[in-house]
Amino acid sequence: MSLKNDVLFIGLGNCGCKQAKVFHEMKYKVMFVNGSEQDLKILGDVPNIYRLKNFDGFGGHRERALDCLAENMEFVEALQNIKEKIVFVLHSAAGSTGSGIAPYCEEVLTETVNEEGRSEKIVCPVPTLPSFDEPIGKKKSAYKSMLDIQEMRDILGATFFINNNAAKDYDRINSIFAKVLDCFLTNDSYGKLNNFDESEKVEMLRQSGAAVLGLFRKEHNKTLMLERLTKNGIFAPIEKNMICGDIAIVHSGIDSSDITVDNVITEFGKPFNIFEGYNNGNSTLICVNGLDYPVTHIKQFGELAQQAFNERNRNRRSVEKLSNLDFLEEKASKSTPEKKKSTKLDALRKLMEK
Ligand SMILES: Nc1nc2c(ncn2[C@@H]2O[C@H](COP(=O)(O)OP(=O)(O)OP(=O)(O)O)[C@@H](O)[C@H]2O)c(=O)[nH]1
Ligand SMILES: [Mg+2]
């Protein structure tokens, strides 16, 4: 069964809205949220646009989010009225509108809890981490954004950390992610042996921690699959501490030798649950959740931003100032013009006074 109707995507800021647009084109329900008129225009004719009035971008100041939401209560109310049980929150970590608003949105969405004290909604953040060659301000913002996510970890569902080091072409990263997540949400293939069903997918999304997904063609070998999942695909490289939640594999066919659960365990560690299913097609779908957040990768943004901060402070201390020079002491009298002799005009004025 497909989860398509139970899912909503919220795109926050420029990056989040562009990512969300790909899901809109795949006929998912989507909300587009941004203050920048120009960014919203790029989206073209799409429904459910929430224009954050009086905030045409946050100009690198994530902390403006609270004031912005206070002035845009219709958007907060719209969040409170969301009916879908699974919500993906898409945003860049490096910008300021999306990364600033995301934690507030996630808190609003997880406000309603059930009898067990768990959030009724499953809220899955999709933060996009900048590439290492982006400016230092972006790294700083990304680090702050990740501190927020870390603090909220227990109330959040599976978190997909997109890694912009994966490709220079952002549209490509956006479309790969949309394709693989769509396959996870809608794949309803069945086999005699076993199936990966809807309730198992929901449980995988509910569990907090990092998650990775991969969709591979038949000709891909297991080494490539595992490398894409763990270090050089569209997700941030995983931690090497073998902390793992569940593993799901939908094999490319009932008699396929594409990859085994043991192969995946070797890279990710022992899972709590294993879900297996079988495709009739040519592709293998793999999902692993409950992973530690990619702290080693994210730490590098903090370290690089800290280095730049130290360097700037050092440079500031060695700034040269202008000093007084002797010529400034030169007597003013020398340059004062001699008193003018009385002119014809003065003589005329004197006559008029008589
Ligand atoms: N993967 C991916 N990353 C993107 C895309 N567009 C922008 N980015 C990333 O997002 C960062 C910029 O963040 P934006 O989304 O433009 O920022 P914002 O949320 O609009 O916030 P402002 O600072 O107020 O403009 C860039 O540095 C990139 O890392 C995209 O389409 N896909
Ligand atoms: Mg913007």
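**Reading the labels**

Modeller: Let's begin with a pairing: Thr-159 stands opposite Ala-210 in E8. Keep in mind that this is a predicted model.

Colleague: What makes E6 and E8 partners, and in which sense do they pair?

Modeller: Two strands pair if DSSP finds at least two bridges between them. Strand E6 (residues 158–159) and E8 have two bridges, in the parallel sense, so by that cut-off they are paired.

Colleague: And what is on record for E8 and E11?

Modeller: Strand E11 (residues 283–291) pairs with E8 in the antiparallel sense, over seven bridges. Leu-215, for instance, has Leu-285 in E11 as its bridge partner.

Colleague: Why is E8 called largely enclosed?

Modeller: Strand E8 covers residues 209–217, and seven of its nine residues are buried, so the rest of the structure largely encloses it.

Colleague: How do you know which strands are at the edges of that sheet?

Modeller: The five strands of this open sheet run in the order E6-E8-E11-E9-E10, with mixed pairing. E6 and strand E10 (273–278) each pair on one side only, and they are the edge strands. Further in, strand E9 (residues 246–251) pairs with E11 in the antiparallel sense over four bridges, and Ala-248 has Cys-287 in E11 as its bridge partner. Helix H10 (residues 261–268) packs on the sheet, touching E9, E10 and E11, with its direction at about 145° to that of E9.

Colleague: Tyr-278 sits in strand E10. Why does Tyr-278 count as buried?

Modeller: The cut-off for buried is 20 or more other C-beta atoms within 10 Å. Tyr-278 has 20 C-beta neighbours inside 10 Å, so it counts as buried. Also, the C-alpha atoms of Tyr-278 and Asn-194 are separated by 7.2 Å, though the two are 84 residues apart along the chain.

Colleague: What about the other sheet, and why does a side of E3 lack a neighbour there?

Modeller: That one is an open sheet of six strands in the order E3-E2-E1-E4-E5-E7, with parallel pairing. E3 and strand E7 (162–163) are at the edges with a single partner strand each, so one side of each has no neighbour in the sheet. The partner of E3 is strand E2 (residues 29–34), paired in the parallel sense over three bridges; Asn-34 stands opposite Arg-51 in E3. Helix H5 (residues 97–109) lies across strand E1 (7–12), E2, strand E4 (86–92) and strand E5 (122–129), at about 160° to E4.

Colleague: What makes Asn-54 and Met-242 stand out on phi?

Modeller: Most residues other than glycine have a negative phi. Asn-54 has a positive phi near 70°, and Met-242 a positive one of about 60°. Asn-54 is in the loop between strand E3 (49–51) and helix H3 (65–71), while Met-242 is in the loop between helix H9 (222–232) and E9.

Colleague: Why is Asn-54 called exposed, and why is Met-242 called partly exposed?

Modeller: Exposed needs 12 or fewer neighbours, buried needs 20 or more, and partly exposed is in between. Asn-54 has 9 C-beta neighbours inside 10 Å, so it is exposed. Met-242 has 14, so it is partly exposed.

Colleague: How do you know that helix H1 is mostly covered?

Modeller: Count the buried ones: 12 of its 13 residues. Among them are Gly-13, Cys-17, Val-22 and Phe-23. H1 (residues 13–25) reaches 18 Å from its first C-alpha to its last, close to the 18 Å expected at 1.5 Å a residue. Just after H1, Lys-27 takes a positive phi of about 75°.

Colleague: Which residues have the most contacts inside the largest nonpolar core?

Modeller: Ile-10, Val-89 and Val-288, in a core of 86 residues. Helix H7 (residues 170–186) supplies the largest share, eight residues. Leaving out residues up to four places away in sequence, Val-89 touches Ile-10, Leu-12, Ala-102 and Val-123, among others.

Colleague: Last one: why is the chain called more spread out than a compact globule?

Modeller: The chain has 13 helices and 11 strands. Its radius of gyration is 30 Å, well over the 20 Å that the globule rule gives for 354 residues, so it is more spread out than a compact globule. Along its principal axes the C-alpha trace spans about 125 × 45 × 40 Å.

Key:
Residues numbered from 1 in each chain as written. Chains lettered and ligands numbered in written order. Predicted model: local features only at pLDDT ≥ 70, side-chain atom pairs only at ≥ 80, totals over all residues. Rg over C-alpha atoms; globule rule 2.2 N^0.38 Å. Core = buried A, V, L, I, M, F, W, Y, C linked by C-beta atoms within 7 Å. Contact = placed C-beta atoms within 7 Å. Expected span 1.5 Å × (residues − 1). Axes fitted to C-alpha atoms, helices over the stretch in contact; angles between N-to-C directions.
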